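I opened the notebook on this model today.

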Amino acid sequence: MRTDKVIEQEHQYILQTYSRPDFVLERGNGVYLFDLDGNRYLDFVSGLAVNAFGYGDYDILKAIEEQAGQLMHVSNLYHTVPSTGLSRQLVENSFADRVFFCNSGTEAWEAALKFTRKWGNTVAGGKYRYLSFNNSFHGRTIGSISTTGQPKYHQGFEPLLPGVDFADFNDLASVEAALTDETCAILVEPIQAEGGIHVASQEFLQGLRSLCDERDMLLVFDEIQVGMGRTGSLWSYQQFGVEPDVMTLAKALGGGLPIGATLMTQKVADAIQPGDHAATFGANPVVANVAVTVLAKLMAEGFLEGIQEKGEYLRAGLEKLQQRYPDKISEIRGRGLIYGAVVTDTTPAEYLGAFREREILVAPCGTDVVRFLPPLVVEKERIGEVIDVFDEILRQA
Ligand SMILES: Cc1ncc(COP(=O)(O)O)c(C=O)c1O
């Protein structure tokens with residue numbers, strides 16, 4: 001089908017919740033995507049932090065094929081091998097004792113909201129309020145937008161879930177001021193991703209841990225975007241010297257197939273009874289088999305160290321551009337292979353368009369950030385190419 005025909009039908013039949021550029025992606029290979037007209041794009045979006053291993057990864061395709069031929073789906077009423085294996089792998093390689101599986105980030109977040117509230121109501125003597133952060137992002141369902149600290153996601157969907165308070169990110173005094181005797185959990189992204197790539201300080205996350213311990217509250221980390229190796233450690237919290245009580249995962253965990261996971265300590269798990277929560281497709285055998293493969297590949301010797309090294313290269317390149325064009329880039333923020341350049345002369349959309357004209361895909365976030373999210377398998381040479389192209393765009397802007 002021709003590009004214009006696909007776009008015409010998209011406009012006619014799909015609910016218009018996205019504004020998509022005018023090309024149609026058809027296939028991918030490695031770190032490249034190809035459109036219907038045969039154009040090739042270097043992908044620094046990775047399906048928004050999903051395609052850690054790029055496109056057409058042999059091990060992921062094999063995991064899909066083998067499992068799909070054997071058993072594609074059965075109800076969670078029954079035991080299956082892949083989801084059990086995945087749960088063991090997640091528990092043995094994190095702070096957690098238990099895992100609940102679902103299908104997306106927002107579902108993993110909703111599960112975290114339910115589990116922490118159940119704990120608060122039944123174990124902690126009737127605590128039900130959440131403390132979340134301004135500028136956060138946790139998904140698009142009602143519970144998720146209610147705990148997302150950005151009014152633009154709330155507008156028109158009120159009334160929101162009651163019992164949510166907000167404080168300022170990286171500001172412990174504002175947290176102390178917003179806490180109540182009814183707060184059951186503090187909800188935080190160690191790196192606020194959609195909000196514009198703001199990295200928490202170690203002191204801030206450690207302070208939240210202490211507050212939770214002192215006042216009998218749970219600490220919940222949303223690692224949906226920054227977990228699974230993105231920052232150069234399997235989970236980003238490992239770089240802050242702080243462990244949460246609950247953590248949400250999704251995106252890259254499924255290697256391109258949908259999965260969500262809510263990890264928790266036994267203390268939280270003890271509050272949950274059979275029947276309290278469920279998901280028909282949660283860790284379906286195919287996606288669970290892929291996730292087992294994804295985790296094994298992330299933990300292969302040297303892989304995470306490679307991300308750190310490539311991340312330093314990306315940071316150095318972007319910082320050099322910031323020094324060269326201080327009137328156009330005010331700040332570089334990020335860690336590992338998630339970085340944002342804060343642009344001050346025009347909108348991120350203008351920059352996205354300029355990159356696209358040069359056959360590179362990057363993504364916006366926040367109000368003024370151009371985000372770089374390459375597949376974790378990206379080679380240094382490709383990072384160098386993107387920096388050179390950014391330099392050219394900035395020179396001409
Ligand atoms: C930190 C964070 N939490 C939750 C979500 C929601 O995930 P999903 O789109 O899979 O529902 C996202 C998506 O971007 C995210 O970045």
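Predicted model: local features only at pLDDT ≥ 70, side-chain atom pairs only at ≥ 80, totals over all residues.

**Entry 1: α11 and α13**

I looked up helix α11 (residues 303-324) against helix α13 (residues 380-396). They pack at an angle of about 15 degrees, and their axes are 10 Å apart. Angles under 35 degrees count as roughly parallel, so α11 is roughly parallel to α13. I then checked the hand: α11 passes α13 in a right-handed crossing.

Next I listed the contact. From α11 come Lys310, Tyr313, Leu314, Gly317, Leu318 and Leu321. From α13 come Lys380, Ile383, Gly384, Ile387, Phe390, Asp391 and Leu394. By class, I find 8 nonpolar, 2 polar and 3 charged residues in the contact of α11 with α13.

**Entry 2: α3 and α10**

Which way does helix α3 run against helix α10, roughly parallel or roughly antiparallel? The axes of α3 (residues 58-70) and α10 (residues 285-298) cross at roughly 150 degrees and come within 8 Å. Angles over 145 degrees count as roughly antiparallel, so that is the label for α3 and α10. The crossing of α3 and α10 is right-handed.

On the α3 side I noted Asp59, Ile60, Ala63, Ile64, Gln67 and Ala68. On the α10 side I noted Pro285, Val286, Asn289, Val290, Thr293 and Lys297. The contact of α3 with α10 divides into 7 nonpolar, 3 polar and 2 charged residues.

**Entry 3: the seven-stranded sheet**

I traced an open sheet of 7 strands. The order is β4-β12-β11-β10-β7-β5-β6, with mixed pairing. Which strands sit at the edges? They are β4 (98-102) and β6 (164-167), each pairing on one side only. Neighbouring strands of this sheet are turned by 20 degrees against each other on average, direction ignored.

Strand β12 (residues 260-264) runs antiparallel to β4, and 5 bridges join the two.

I moved on to strand β2 (residues 32-35) and strand β3 (residues 40-43). They run antiparallel and are joined by 3 bridges. Tyrosine 32 has leucine 42 of β3 as its bridge partner. β2 and β3 form a hairpin with 4 residues between them. In the turn, I noted that glycine 38 has a positive phi of about 85 degrees.

What does β3 pair with in the parallel sense? The partner is strand β15 (residues 360-361), over 2 bridges. Here leucine 42 has isoleucine 360 of β15 as its bridge partner.

**Entry 4: the ligand**

Last, I looked up the ligand surroundings. I count 15 residues around the ligand. The closest are Gly105, Thr106, Gly139, Ile224 and Gln225. Which helix gives the most to this shell? It is α5 (residues 105-122), with 3 residues. By class, the shell has 6 nonpolar, 6 polar and 3 charged residues.

How values were computed: Residues numbered from 1 in each chain as written. Near = placed C-beta within 6 Å. Nonpolar A, V, L, I, M, F, W, Y, C, P; charged D, E, K, R; others polar. Pairing = 2+ DSSP bridges. Axes fitted to C-alpha atoms, helices over the stretch in contact; angles between N-to-C directions. Parallel < 35°, antiparallel > 145°, perpendicular 65-115°, else oblique. Left-handed = near helix turned anticlockwise from the far one by under 90°. Contact = placed C-beta atoms within 7 Å.
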